Amino acid sequence: AVLNVAHDLRSEVGWPNVEHAQVGIIDGPGNALIAYHAAVLAIASLRERHDRVLVYCHGGSRSTAVAVMYLEACASRGWIGWFDLMNEKAGIDLPIPHEVHRAAFDKMNWLVLSKLYLPILSTSIIYLCLYKHYFLS
């Protein structure tokens with residue numbers, strides 16, 4: 001499965017038998033908090049039906065931020081904890097997400113997300129593609 005989190009990047013449906021989804025997020029100011037929640041829930045929904053989810057945007061800022069948010073909904077580790085683990089697993093320096101994504105992370109209701117969607121999130125192993133590199137979390 002593939003999730004495009006760039007609002008201005010057309011989702012290409014070029015791979016047969018691959019489910020595509022898009023939640024448009026701006027890489028800067030202007031996102032409603034609900035857009036981030038929608039992206040986390042989109043990953044959870046895709047993970048319910050697929051073993052792997054590829055999350056992408058233009059340069060990795062939005063996809064990195066959404067990946068951190070999804071992982072936080074799975075288990076509380078904090079922005080820095082998940083970002084550092086992702087960097088370690090990727091074996092490269094991931095793009096630093098725009099500061100507005102971090103601010104959105106701090107405003108999200110993790111208790112509600114984890115309680116409502118824990119059965120989907122807690123049993124998932126997610127593969128993410130960030131900046132064309134794969135890692136297993």
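1. A word on terms before we start: helices here are DSSP runs of H or I with at least four residues, numbered from the N terminus. Phe83 sits in one of these, helix α3, which covers residues 78–90. Please keep in mind that the model is predicted.

2. Now the overall layout. The chain has five helices and five strands. Going along the sequence, they follow the pattern β-β-α-β-α-α-α-α-β-β.

3. Is Phe83 buried or exposed? Phe83 counts as buried because its relative accessibility is 9%, and the cut-off for buried is under 20%.

4. Which residues does Phe83 touch, leaving aside those up to four places away in sequence? The partners are Thr64 and Val68, together with Leu94, Pro95, Ile96 and Pro97.

5. Ala103 belongs to helix α4, residues 99–107, and is partly exposed, at 32% relative accessible area. From Ala103 to Leu33 the C-alpha distance is 9.8 Å, although they are 70 residues apart in sequence.

6. Finally, some totals for the chain. Of its 137 residues, 45% are buried. Among contacts between residues at least 6 apart in sequence, 63% join residues at least 24 apart. The chain exposes about 7200 Å², and carbon and sulfur atoms supply 55% of that area.

Conventions:
Residues numbered from 1 in each chain as written. Predicted model: local features only at pLDDT ≥ 70, side-chain atom pairs only at ≥ 80, totals over all residues. Heavy atoms only, no water. Helix = DSSP H or I, 4+ residues; strand = E, 2+ residues; numbered from the N terminus. Buried < 20%, exposed > 50% of the residue type's maximum accessible area, 1.4 Å probe, protein only. Contact = heavy atoms within 4.5 Å. Areas by Shrake-Rupley, 256 points an atom, 1.4 Å probe, with all protein chains shown as cover.
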